Every structure is written in structure tokens, then in C-alpha cells.
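Hello,

Here is the structure we talked about handing over. Please open it beside this email; my notes follow below it.

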Amino acid sequence: MLFFTTITVLPGHVVLAYRGDTVTTLEPGRHLVRTPHSARSIDMRERLVPVAAQEVLTADAMSVRVSMSLRIRVTDPVAFVDRAEDPVASVYLAAQLALRETCASVTADDLIRRGDTLDVEAIQSAAASASSCSAS
């Protein structure tokens, strides 16, 4: 039985090494650690998540079709694993609901004037609160 093992963590990732109740976060590089009971690699790189187009009603009851893409990255790997079974799906749903609410608060004319831009603070905060990810 081996008491120590070498874990190589790739660039852009961290490894969460679990041993009993202790979680050790290993940054990129080679690590000689006590053999963990389990280990999980977390991709810390930024990723693009497209949100499907959807029909929403504006404040003046006009139906518009909107879509968006989220740029997300993990900011806290332990919380990312512990808070939700599928954290990316949680962020997706929160951003989708925030997009609907944002569109419902403006008129169709206002959306047309803005072109392809929309105030994204509400969407970013909803996505960030859904999991330990940051969205932009």
C-alpha cells in the first residue's frame, strides 16, 4: 500500500484531493501528497455557454426573440463542486431567467434603439449567485 502519490495538475485546472474531511486544493504542477481517498479535477479556464434563443414579452407586451452567450469561469473550486450537482446548468438557468426579467422591464422600442446591447448587471449577478462562477 502506497502512502504517498504524485498528482500532476494540468495548466488551467486545479485538483481537489479529498482525504477524510480534509480537502486540499492543488494548483497546476506536480505534487507529492498523501494518497487521497478521492480526487477531482476542475477546469478553471473561461468557457462560453450559449443560451438558447427564447421568445419573451417586453414591458409593452410585444413578443421579441432574444438570445445570449455567457462567458463563465470557476472562481472557487470547492464551492463549485459542493453547491450544486450541475453548477453550469444552475448558472444557465439563472441567467436565462434574469434575461427574461430584464427584457420584460423595457419596451420593444427601447430594445430596438439599444441594438444588440442590454444592461447585463442583473444577469451577471444572477449567474454569479447561482454558483461559484463569474459570468460576463
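**A buried threonine**

At a relative accessibility of 10%, Thr102 counts as buried, because buried means under 20%. Thr102 sits in helix 2, which covers residues 87-104. What does Thr102 touch, once neighbours within four places in sequence are left aside? The contacts are Leu118, Asp119, Ala122 and Ile123. Before going on, please note that this is a predicted model.

**Strand 1 and Ile7**

Ile7 is another buried residue, with 13% relative accessibility. Ile7 belongs to strand 1, residues 4-9. Residues up to four places away in sequence aside, Ile7 is in touch with Val15, Leu26, Gly29, Arg30, His31, Val33 and Pro36. Take Pro36 from that list. Pro36 is 29 residues from Ile7 along the chain, and their C-alpha atoms are 10.0 Å apart.

Three strands make up an open sheet, ordered 3-2-5, with antiparallel pairing. Which strands stand at the edges? They are strand 3 (22-26) and strand 5 (38-43). Each has a single partner strand, so one side of each is left without a neighbour in the sheet. On average, neighbouring strands here are turned by 20 degrees against each other, direction ignored.

Strand 2 spans residues 13-19 and pairs with strand 3 over five bridges, in the antiparallel sense. Leu16 has Thr25 of strand 3 as its bridge partner. Tyr18 has Val23 of strand 3 as its bridge partner. Strand 2 and strand 3 form a hairpin with two residues between the strands. In this hairpin, Gly20 takes a positive phi near 65 degrees.

**The hairpin of strands 6 and 7**

Strand 6 (residues 47-57) runs antiparallel to strand 7, and nine bridges join them. Val49 stands opposite Leu70 of strand 7. Five residues lie between the two strands. In the turn, Ala61 has a positive phi of about 65 degrees.

**Salt bridges**

How many salt bridges does the structure hold? There are four. Side chains of opposite charge can pair when their charged atoms come close.

- Arg45 and Asp43: the closest N and O atoms are 2.8 Å apart. Arg45 is partly exposed at 46% relative accessibility. Asp43 is also partly exposed, with a relative accessible area of 25%.
- Arg65 and Glu55: their side chains meet at 3.6 Å, N to O. Arg65 is in strand 7 and Glu55 in strand 6, so the pair ties together parts that are ten residues apart in sequence. Arg65 is exposed, at 58% relative accessible area. Glu55 counts as partly exposed, at 49%.
- Asp110 and Arg113: here the closest N and O atoms are 3.9 Å apart. Both residues lie in helix 3 (residues 108-114), three residues apart, which is about one turn of the helix. Arg113 is exposed, with 63% relative accessible area.

**A nonpolar surface patch**

One last item. Which residues form a nonpolar patch on the surface? They are Phe3, Phe4 and Leu32. Together they have about 380 Å² of accessible area. Leu32 lies in strand 4, residues 29-34. Its relative accessible area is 64%, so Leu32 is exposed.

Best wishes

How values were computed: Residues numbered from 1 in each chain as written. Predicted model: local features only at pLDDT ≥ 70, side-chain atom pairs only at ≥ 80, totals over all residues. Heavy atoms only, no water. Patch = residues over 30% accessible without salt bridge, like charges linked within 9 Å, V, L, I, M, F, W, Y side chains within 5 Å. Areas by Shrake-Rupley, 256 points an atom, 1.4 Å probe, with all protein chains shown as cover. Helix = DSSP H or I, 4+ residues; strand = E, 2+ residues; numbered from the N terminus. Buried < 20%, exposed > 50% of the residue type's maximum accessible area, 1.4 Å probe, protein only. Pairing = 2+ DSSP bridges. Axes fitted to C-alpha atoms, helices over the stretch in contact; angles between N-to-C directions. Contact = heavy atoms within 4.5 Å.
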